[in-house]
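Subject: Structure handover

Hello,

Here is the structure we talked about. My notes on what turned up in it follow below.

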Amino acid sequence: MPGKRSRLWDPIDVESMQTKKYGTDTIEGLFIENSRSGQIQFSRDSFTKMNRLRLLKVYIQPWKYCDVDLPIDFELSSSELRYLNFSKYPLKSLPTNFHRNNLVQLNLLGSNIKKLWKENEVLKNLKVIDLSYSRNLIEMTNFDSVPNLEILNLECISLESLPRNFHKLEHIRSLCCSCCSKLKSFPQIKGNMRKLREIYLNGTAIVEVPSSIEHLNGLEYFNLNWCENIVNLLESICDLRLLDVEGCSKLERLEVKPNENEYLTCRIQKAEVTWSNECFSSLKTLNLQRHQMEAEAPDHHHHHYLLLSSLVELSIRNSRNSRCREWGMFSDDGFHLSSLEVLSVGNFNPVVRGLILNDIFHQSSLRRLSLHNCNLMEEGIIPTNIWNLSSLLSLSLREGGILNHICHLSSLEELSLEGNHFSSIPTSINQLYNLRGLNLSHCKQLQDIPELPSSLLFLDAHISNGISSSPSLVSLHSLFNRFETELTEFRRMGMSIVIPRSSTILGKIKTKYGK
């Protein structure tokens, strides 16, 4: 019986409780979800008798319309309330008789709230506040009232400022102000805030980061994506594990001191960004993307790359529309990153590609290599010293042709040639005795698949749904005939073959083997 339960979540029971008004004095937990009628209606006294209520959740799915009718004078009288989650809360303030002293978590996503409570109240138990998408919130309550707050989410488009006493939040671990497009400044940091681990300021109007941010000596993740007004990031940012500056189109200077375990994501849209000397000697991961149309990198960039002695993973992408001639990291002397294990390169013109590939094939430490749209089939692009890649385990050549000397990659276990336009594969591929996976999907001009190494456990040769015929289907029949005598062993070996759905090979396999 709903009247004797301390927790209600079933929609029928909740509706019965609201209409018949019984059992409300026993309820400790109440979960109300958006109704099938598209409306949730409360009366002034809906929660009046719930004196033992500890958890209240009114959940409305973001993609569904639901009208919440809540009287401006409604009462929430329970002094035991610990958790309040009220999606699309319709009022501009919380009820006057709201007992918040025991509150631990407050979630008001998509609310109309303008101000939480009076600044002279101190809520020592409150640890989480989430006011994301509250479009009317212009400013936050003074942080003196929440001394033990740990998580603060303020993704509010109208938010203009943070209280100056932000530094009073000594226990704060995460601050999110994503998409606060009117937020132009970040408060000065004072005292001890070593528990703060992550800050999200992406999509804000921040112009600069105050030098006092150096006091955040526990900060690990700093997201400044698409802060289009920010110009400089200075040395005061220390000990980061991840810095994200994608879309910072006005960024001119970057000075960061990473710690020994640094993982830095740096997607740069301007080639003219200056890096401070020796700031990145312990950097482990670097991601660079270039989108600007014609800017060229200054010569000093090559010097910075030479300082990346600890780099393990490097990703470099150039926009297909970019005409940049050099990034500055590729010069006659090359780059020698002795610790580099993972490298991804894409979308460079033939001149730069030649320099890149020549450098790549000197990186004997590489274990994973991805070359996207590098047109390896063009004359003069492929170096012959491919055997230097003796440790390479995975190679992806998407839209870039195939290496004629691929047999020298004796350690290779995974090979992806997805989306290429070649008509044949070098027969020397059968000398890759450690190859376990081969991806030939969407290779529409492929006419023949040669003998493959016996170590192969996975082959993907599909094109796409809706293609009923293709030159590659002929090669698949030939391939099936090569493997036919060994099909009974495939299950034991764990081998998989992905082929076009429309191919008659499927019927042949089902007829012969009953699968």
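E75 and R44 form a salt bridge, with 2.8 Å between the closest N and O atoms. The term covers a side-chain nitrogen of Lys or Arg within 4 Å of a carboxyl oxygen of Asp or Glu. This pair links distant parts of the chain, 31 residues apart. E75 sits in the loop between β5 (67-69) and β6 (83-86), R44 in the loop between β3 and β4. Helices (H or I, at least four residues) and strands (E, at least two) are DSSP runs, numbered from the N terminus. R44 is partly exposed, at 37% relative accessible area. Here buried means under 20%, exposed over 50%, and partly exposed in between (1.4 Å probe, protein chains only). R44 and E75 also belong to a salt-bridge network with D45 and D73.

Two points on how to read this. This is a predicted model, where local features need pLDDT of at least 70 and side-chain atom pairs count only at pLDDT 80 or more, while totals for chains, interfaces and linings use all residues. Residues are numbered from 1 along each chain as its sequence is written, and side-chain values use heavy atoms, with hydrogens and water left out.

The salt bridges come to ten in number. One of them joins R52 to E28, with closest N and O atoms 3.0 Å apart. R52 is in the loop between β3 (39-41) and β4 (55-59), and E28 in the loop between α1 (11-20) and β2 (29-33), 24 residues apart. R52 is partly exposed at 44%.

E150 and K127 make another, at 3.8 Å, N to O. E150 lies in the loop between β8 (128-130) and β9 (151-153), K127 in the loop between β7 (105-107) and β8, so the bridge ties together parts 23 residues apart in sequence.

Next, the cores. A nonpolar core is a set of buried Ala, Val, Leu, Ile, Met, Phe, Trp, Tyr and Cys residues joined through side-chain atoms within 4.5 Å. The largest has 75 residues, and L30, L84, F222 and L224 have the most contacts inside it. α1, β2, β4 and β6 each supply at least two of its residues. Apart from it lies another core of 36 residues, including L314 and L438.

Finally, confidence. Mean pLDDT (the predictor's confidence in each residue, from 0 to 100) is 75 for the chain, and 67% of residues reach 70 or more. Residues 291-306 fall below 50. Residues 501-515 stay under 50 as well. Where pLDDT is low, the predicted coordinates should not be read in detail.

Best wishes

Notes:
Contact = heavy atoms within 4.5 Å.
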